[in-house]
Amino acid sequence: MEIPLSLYIHMPWCVHKCPYCDFNSHTLKQTPDYAAYINHLLADLKQDLPLCQQRALQTIFIGGGTPSLFSAELIDRLLTQIHQLIPINQNAEITIEANPNSVDVARFTGYQQAGINRISIGVQSLQADKLQALGRVHNPLEAINAAKLAHSLNLHSFNLDLMHGLPNQSLDDALFDLSQVIDLSPPHLSWYQLTIEPNTLFGAKPPRLPDDDNLWDIYQQGDALLTAKGYQQYEISAYAKPGFKCQHNLNYWRFGDYLGIGCGAHGKLTQADGQIRRTVKTRHPKGYLQGRYLAQSYLVPKQELPFEFFMNRFRLIEPTPKQEFIERTALPLQTIDQPIAQALEQGYLTETAHHWQVTEHGKLFLNSLLELFL
Ligand SMILES: C[S@@+](CC[C@H](N)C(=O)[O-])C[C@H]1O[C@@H](n2cnc3c(N)ncnc32)[C@H](O)[C@@H]1O
Ligand code: SF4
């Protein structure tokens, strides 16, 4: 079976750097040459084409940073030229991330005409004081209007990003956010617990967050609310109405292949001989815009593949087909006989002739489960 191929495109600028964010995003000091960046993305893609082995793209994800800073004309030029370089599956999911303060009807409609069929909007919270504490530059109404606009376009799907476990957030605050967001009827919802990352402003000066008991209540009751409203959890932070899972992220988690173009983008490509190559692009826009795209390219050592495979695969709630391990790692099942036996014995996994399934106990001790494969 051919390994599915996706394309990730990174847009590295934001109007303002959020204090919790460790994504590769740079604050706008002056307007960058967006058109030049698009040309560099295409040149970057051309250099990667020999890694694709004639496969068509199954999904495209334009992420950031804030991709919605790019005009619809530029996104159209980008997608049109990608089409000329590489086949794109007719039903490919094509997503763009948008911040609520950089959207309007003309821009969203233009994206749709350019071939975008899924928009992901960073709502984060619908309470003004929480947005302020998160350093967001939009208010609740702008987020609601952006979601209503996405809904009105009849796109294939749209996603809202919401965070919980925010500074001074009570259980009621978190449930208020969730129910407001559910009322906007997104087919997909990413519901992330705020994490404090070392290289961020919050990392240097951590805010006071809800304690573990409160976090647990928020998670339990939020999950129950989402389930009652018809959302299925398919990954720790990902919820979707039936038929609306994010195909792009599923491909990452199922250990599929992906090209990564743009500042700091990562790629993973299976070669004809079954070995897996990882690529990393130049992180800073300055170097990237000088035409230095590739920062690293290396083969993943065979002994690291089981850990890498399961680290991605066990994030998903669905069972893991044994055949997928063989196809995606090019390793025989016998390679992992010992760690699998230990995982079964410790109650982290169950198995059938064709699948493995992480148990509830395994989910609670995911790190210990994964360490068996190191
Ligand atoms: C690549 S970011 C960008 C999307 C867009 N720029 C925005 O902020 O609206 C994707 C999502 O990751 C989540 N995120 C970023 N940093 C996080 C953190 N430290 N903890 C939890 N979620 C985080 C946010 O919900 C964010 O919308
Ligand atoms: S969370 Fe989004 S808007 Fe904020 S800095 Fe990160 S990428 Fe930019």
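Modeller: Happy to! A residue is called buried at under 20% relative accessible area, exposed at over 50% and partly exposed in between (1.4 Å probe, protein chains only). This is a predicted model, where local features need pLDDT of at least 70 and side-chain atom pairs 80 or more, while totals for chains, interfaces and linings use all residues. Residues are numbered from 1 along each chain, chains are lettered from A and ligands numbered from 1 as written, and side-chain values use heavy atoms, without hydrogens or water.

Rings of Phe, Tyr and Trp (its six-membered ring) pair with centres within 6.5 Å: stacked under 30 degrees between planes, edge-to-face over 60, otherwise tilted. There are 23 such aromatic pairs here. Tyr20 and Phe202 make a tilted one, with 6.5 Å between centres and 50 degrees between planes. Tyr20 belongs to the loop between strand 2 (13-14) and strand 3 (26-27), and Phe202 to helix 7 (201-204), so this pair ties together parts 182 residues apart in sequence (helices, H or I, are DSSP runs of at least four residues, and strands, E, of at least two, numbered from the N terminus). Tyr20 is buried at 10% relative accessible area, and Phe202 is buried at 8%.

Tyr252 and Tyr258 form an edge-to-face pair, because their planes stand at 80 degrees, with centres 4.7 Å apart. Tyr258 is buried too, at 12%.

Ring pairs also join Phe255, Phe309, Phe310, Phe314, Phe325, Trp356 and Phe373 into a cluster. Over the ring of Phe255 sits the charged end of Lys268, 4.2 Å from the ring centre (the rule: Lys NZ or Arg CZ within 6 Å of the centre and 35 degrees of the ring normal). Trp356, in strand 17, is the bridge partner of Glu351.

Technical notes: Pairing = 2+ DSSP bridges.
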